[in-house]
Amino acid sequence: MKHLFRGGRRKVAAVMAVALVASLSHVAPAAAARGDDILILIGEKDSGWCAQDSPGLDQIIAKNAVAETLTIMNEKGKIVPYLAKTVENSADYKTWKITLREGIYFHDGEELTAATVLANLAANLGLNPLIPGSLPAIAWQDNFGGVTSLAQFAAKAQAVSKYVVQFNLPAPRPLFNEGWFANGRPVIWSTKTLQTKACGTTVGAGTGPFKIKSKGVDQFTTLLEANTNYWRKDADGKRLPKAATVTFKVVQDPAQRRNALTKGQADISTFGAAAGPQLNEMRKNKDLVIFAGERSTTWSFHMNTTAPPFNSKNARLAFSYAIDREALAKVVAKGNADPAYCFGASYHPYNLSQGGTKKCVTSNLAKAKEYVAAYKAETGKTLEVLLPINETAESAKANQAVCNMLKKAGAGCALMPPVTSTALILRGFALRQQVSWFNVVAGYSPAFADLFSRKTNLELSGFRFTNPGLAACFQTALETGAVAKYRECAAVLHGEAYWIPTYTEGGFVVARKAVTGLGETPLPAGGKRPVVSLSGFDFASVKVSD
Amino acid sequence: MRFQVAIRNLAKAALVLFLVTFSISILVRFLPGDPIEILMPFATEEGRAALRAELGLDVNVVQYYFRWLSDLLRGDFGVWYASTGDGGGVPVRSMLAIALPRSLLIMLYTMVVSLVLAVPLGIFLAYRAETRTDRTISNVLFTISSIPNFAIGLGLAFVVGVQLDLLPVIGYVPFAESPSEHFKSLVMPLVSLSVGLVATFSRLLRVDTIATLREDFVTMASSKGLSNSWILWRHVLRPSSSTLMTSAALQMGALIGGAVVIESIFALNGFGMLLASAIATRQYLAIQSLVALIAIAYIVFNLIVDVLYAIVDPRVRGGRG
């Protein structure tokens, strides 16, 4: 009896210990709650949303649910006013006037005014002392011809009235309005948000359909709740958003994102073309709907030409010829992407395919081997490539495929340790990587790609330093907007293998059939946002019916 | 005497902790890439210098170490830096409050499940040593222990989660929210982590038990007419379990930070993922604090095992072991 009692006490103690630790577990959202609560799975973890941060596509989707841009891309690929009511320009594209919509409020109660836009622009320019120099700052500095003080800033950007801002640019910028979209990056935060260093990390008041409930402490889960004061209405004039909460959960393995969707444990998930096998399996599932973006986004390697090995043209050409683009599209993407022999879709100003009839580059293993040998003859060294990857399984998989292709050509290749998308992007801009595999040529407009191809410090190939003539070419193209000029410059990009196209895709969003309203919210300027695009998807009207 | 032993053990533990954490202070500096480049690549020189000072990179490694240690002893685990530098980051302690209990629970459940299955299996295999049953099961266990746990995890998720629709494939449900969903959410991760451990533990116990069965006291017990099961459970198991306990203690420490792949597959967001993320983003202070916690866990579990040796094995308790 005594033994039994003692044994029982141990058992009770063990159960109590388990219960104690279990009760300490942080209460966090777990499985998808149905109805008004939406669970969206993404592959990229949170690494900041403020002006200085450079999240990848998955985090931009989440960020754009909270904070919005002055202009936006509609389903036809055209940039239209969004938080702005009108965007006007002078004939020489040097003076721009943005008139804001009235009665839009941030989540913290502040009204959207010209002063708020100026505060955001100052942050974007790196003039906010709380927010260090950043990627957007470089781009915006280029637009404004260098602004280093608030006095200079005041001369170039003024509030004409409560809702009107005017910008005086030193040089023509025909696509200045598109810079306020930049695939969802330069969002407008409340003034108070910009006055805290926690901006975009754990806090952030935007004008979007959802506001932050918890973010940043758990890097893998972002919880948003409905903004009951949201300014947009649905097609019937009813209040938005329809969902009460949205949870973004990071699941890095695409197979598990597919499993969770298939089981109904999640409502929506994003996928890249590198998740080809999972996408093809989900097509057979009648309970899922796959939204595919238009295949107009080209993933290209941007070569760092300022340092070995890609300061050598032989190395760059070896790399370009070694890429088996058909294999990338078929084996890695399983048909969910097209091999890219030029940049972007045939209608993009950087595209030289003449309507898809001409290849700008080719894949050729024999030639790749020749150039690997030429590199060795030139430098006395074997071509050794280090490919950076982010933390998603797709990134590792696609880069490993490229590594294998380079090895076939006789080059050495290894993957760098995985880092966040933000770290990878910024490290690329700082020219601390041999290459960066990015998707800057997309859609219809050259505006976003222009940030990377002219004299901005953002050009990832570093050709500003090694080929100033090409940077000047792109500068002229930008200032004139002439497609012929863009194509003249793009021909040099190909010829020198500064940027190397790999495959073109459109991105994928997969939702359960019970999810309705995806991408259905009308834009105030008419039309809708594309369901899948580089700035994510519009889920202000989304609801789950089970 | 006992007091002296306790003091000696504590001193040993403190020395180990110092050596581990100080080594980490040195090793993190060998991680490729400047953390400032990763955290704030476009910062001004002043901003970079400020962050360098905050991270303790402006002083030598000894000064850096003692500054960190002093903070740690005051309960400050450091800050997870955002791109705005100090003031914009998240206290590591807040992040630990989410991640650590999950990982502790996973570790605890995994060890309980593994031991509950491995102990009877190991005893049984020793009892049936060198029979066809023993050889067959031992070979199966050997095969199972060579399968990586992520492969088991993915396989389980697809078959049990998707095909059979029995368990959730991702996510963690806190016990306080729903005990039943809590256990459901952890079944597949636990099985993935336990399968290899069951194989390892049972094989270790089998070997030690076979050796114990050859001891004179077992022959004596048998000649007294005691039943086989009584002899196995009361007289053989205790002296045979020292290797098992040592291995279990090491595995417990390893599971806290080392279940990163399983945590990632099942989206559990535990300590392992936090540590992997800290390394990826060169969060020096967080790496240092998280590794210190793992070291403490190893030390604590090994101290517990030292105590258990004495409880379980009378020879150790009597100083005869």
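Me: Helices, of at least four residues, and strands, of at least two, are DSSP runs numbered from the N terminus. With these terms, where in this predicted model does A497(A) lie?

Reply: A497(A) is found in the loop of chain A between helix α17 (483-495) and strand β18 (499-505). Its phi is positive, about 55 degrees, although A497(A) is not a glycine.

Me: Why is A497(A) called buried?

Reply: The relative accessible area of A497(A) is 2%. The term applies under 20%, and therefore A497(A) counts as buried.

Me: What makes E130(B) count as exposed?

Reply: E130(B) has 55% relative accessibility. Exposed means over 50%, so E130(B) receives that name. E130(B) also has a positive phi, near 65 degrees, in a residue other than glycine. Its place is in the loop between α5 and α6 (132-145) of chain B.

Me: Why are Y321(A) and Y371(A) called an aromatic pair that is stacked?

Reply: A pair of aromatic rings is described by the distance of the centres and the angle of the planes. For Y321(A) and Y371(A) the centres are 5.7 Å apart and the planes 10 degrees apart.

Me: Are Y321(A) and Y371(A) buried or partly exposed?

Reply: Y321(A) is buried because its relative accessibility is 16%, under the 20% limit. Y371(A) is partly exposed because its value is 23%, between 20% and 50%.

Me: What makes the pair of Y65(B) and F66(B) edge-to-face?

Reply: The planes of Y65(B) and F66(B) stand 80 degrees apart, with 5.2 Å centre to centre. Y65(B) is buried at 1% relative accessibility, whereas F66(B) is partly exposed at 45%.

Me: How many aromatic pairs does this rule give over all chains?

Reply: The count is 34 aromatic pairs. Ring pairs also link a cluster that includes Y93(A), W96(A), W140(A) and F144(A).

Me: How do you know that K359(A) lies over the face of Y341(A)?

Reply: K359(A) is at 4.2 Å from the ring centre of Y341(A). The distance limit is 6 Å, and a further condition limits the angle from the ring normal to 35 degrees. R257(A) likewise lies over the face of F271(A), at 5.0 Å from the ring centre.

Me: What kind of peptide bond joins L240(A) and P241(A)?

Reply: A cis peptide bond joins L240(A) and P241(A), with omega about 0 degrees. P241(A) is in the loop between β9 (221-226) and β10 (245-250) of chain A.

Terms used:
Residues are numbered from 1 along each chain as its sequence is written. Chains are lettered from A and ligands numbered from 1 in the order in which they are written. This is a predicted model: local features need pLDDT of at least 70, side-chain atom pairs count only at pLDDT 80 or more; totals for chains, interfaces and linings use all residues. Side-chain values use heavy atoms; hydrogens and water are left out. Rings of Phe, Tyr and Trp (its six-membered ring) pair if their centres lie within 6.5 Å; planes under 30 degrees apart count as stacked, over 60 as edge-to-face and the rest as tilted. Buried means under 20% relative accessible area, exposed over 50%, partly exposed in between (1.4 Å probe, protein chains only).
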